[in-house]
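Biologist: I would like to learn how to read the features of a model like this one, step by step. Could you take me through it, beginning with a single residue?

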Amino acid sequence: MNIAGIKEDIASILREELQNVYKFSPARPTAPCAILEAGFPFISVNDDEYEAIYSINWKILLLVPTAQNDVETTGLDSLLDSLVPLIWANTALAKLDVDKPFLTEANGATYLSTNINITIDSQGGQ
């Protein structure tokens with residue numbers, strides 16, 4: 001299990017579609033962006049027939065600007081259309097789900113956002 005390596009791998013995949021990818025919660029995010037955070041529970045350990053299985057949960061918060069029309073909703077939908085298959089195809093995921101869109105306040109601005117929740121399994125502490 002290499003948490004820093006897994007985090008960097010996820011960030012690299014996200015950078016294929018987004019210029020602004022944060023591996024921490026920034027003081028001033030620039031949308032559109034993705035913020036990689038620990039999920040809940042962050043790490044769980046299960047016994048396998050041969051060795052332990054470590055499940056690591058991550059939350060990818062997507063932010064896009066919001067406005068008086070559906071342009072940003074369409075932008076978030078398009079971002080999900082490209083990111084979900086990209087993440088699934090390029091990461092050894094055990095699970096992926098997406099929360100319904102919601103509004104987020106940051107820097108005195110309102111963003112349309114959603115979470116992509118992923119679980120990555122690693123055997124034997126690798």
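This is a predicted model: local features need pLDDT of at least 70, side-chain atom pairs count only at pLDDT 80 or more; totals for chains, interfaces and linings use all residues.

Biologist: Where is Asn107 found, and what is its phi?

Modeller: Asn107 lies in the loop between strand 5 and strand 6, and its phi is positive, at about 60°, although the residue is not a glycine. The two strands form a hairpin with two residues between them, and Asn107 belongs to that turn.

Biologist: How many bridges join strand 5 to strand 6, and do they run parallel or antiparallel?

Modeller: Five bridges join strand 5, residues 102–106, to strand 6, residues 109–123, and the two run antiparallel. To follow the pairing on the display, you can look at Thr104, which stands opposite Tyr111 in strand 6.

Biologist: How should I read a pair of aromatic rings, and how many aromatic pairs are counted here?

Modeller: A pair of aromatic rings is described by the distance of the centres and the angle of the planes. Here the count comes to two aromatic pairs. In one of them, Tyr22 and Phe24 are 6.0 Å apart from centre to centre with 75° between the planes, an edge-to-face arrangement. Tyr22 itself is buried, with a relative accessible area of 14%.

Biologist: Why is the pair of Phe42 and Trp58 called edge-to-face?

Modeller: The ring planes of Phe42 and Trp58 stand at 85°, with the centres 5.2 Å apart, and because an angle over 60 degrees counts as edge-to-face, the pair takes that name. This pair links distant parts of the chain, as Phe42 sits in strand 2 (residues 33–47) and Trp58 in strand 3 (residues 52–65), 16 residues apart. Phe42 is partly exposed at 27% relative accessibility, whereas Trp58 is buried at 3%.

Biologist: How many residues does the largest nonpolar core have, and which of them have the most contacts inside it?

Modeller: The largest nonpolar core has 26 residues, and those with the most contacts inside it are Ile10, Ile60, Leu62, Leu83, Ile87, Ile116 and Ile118. Two or more residues come from each of helix 1 (3–14), strand 2, strand 3, helix 2, strand 4 (93–98) and strand 6, and helix 2 gives the most, with six residues. Apart from this core lies another, of seven residues, among them Leu61, Leu63, Ala106 and Tyr111.

Biologist: What does Ile118 touch beyond its sequence neighbours?

Modeller: Not counting residues up to four places away in sequence, Ile118 touches several residues, including Ile10, Trp58, Ile60, Ile87 and Lys95.

Biologist: Is Leu79 buried or exposed, and what is it in contact with?

Modeller: Leu79, which has its place in helix 2 (residues 71–90), is buried at 10% relative accessibility. Leaving aside neighbours within four places in sequence, Leu79 is in contact with Leu18, Leu62 and Val64. The C-alpha atoms of Leu79 and Arg15 are separated by 12 Å, the two residues being 64 residues apart along the chain.

Key: Residues are numbered from 1 along each chain as its sequence is written. Side-chain values use heavy atoms; hydrogens and water are left out. Rings of Phe, Tyr and Trp (its six-membered ring) pair if their centres lie within 6.5 Å; planes under 30 degrees apart count as stacked, over 60 as edge-to-face and the rest as tilted. Buried means under 20% relative accessible area, exposed over 50%, partly exposed in between (1.4 Å probe, protein chains only). Helices (H or I, at least four residues) and strands (E, at least two) are DSSP runs, numbered from the N terminus. Two strands pair if DSSP finds at least two bridges between them. Contact means heavy atoms within 4.5 Å. A nonpolar core is a set of buried Ala, Val, Leu, Ile, Met, Phe, Trp, Tyr and Cys residues joined through side-chain atoms within 4.5 Å.
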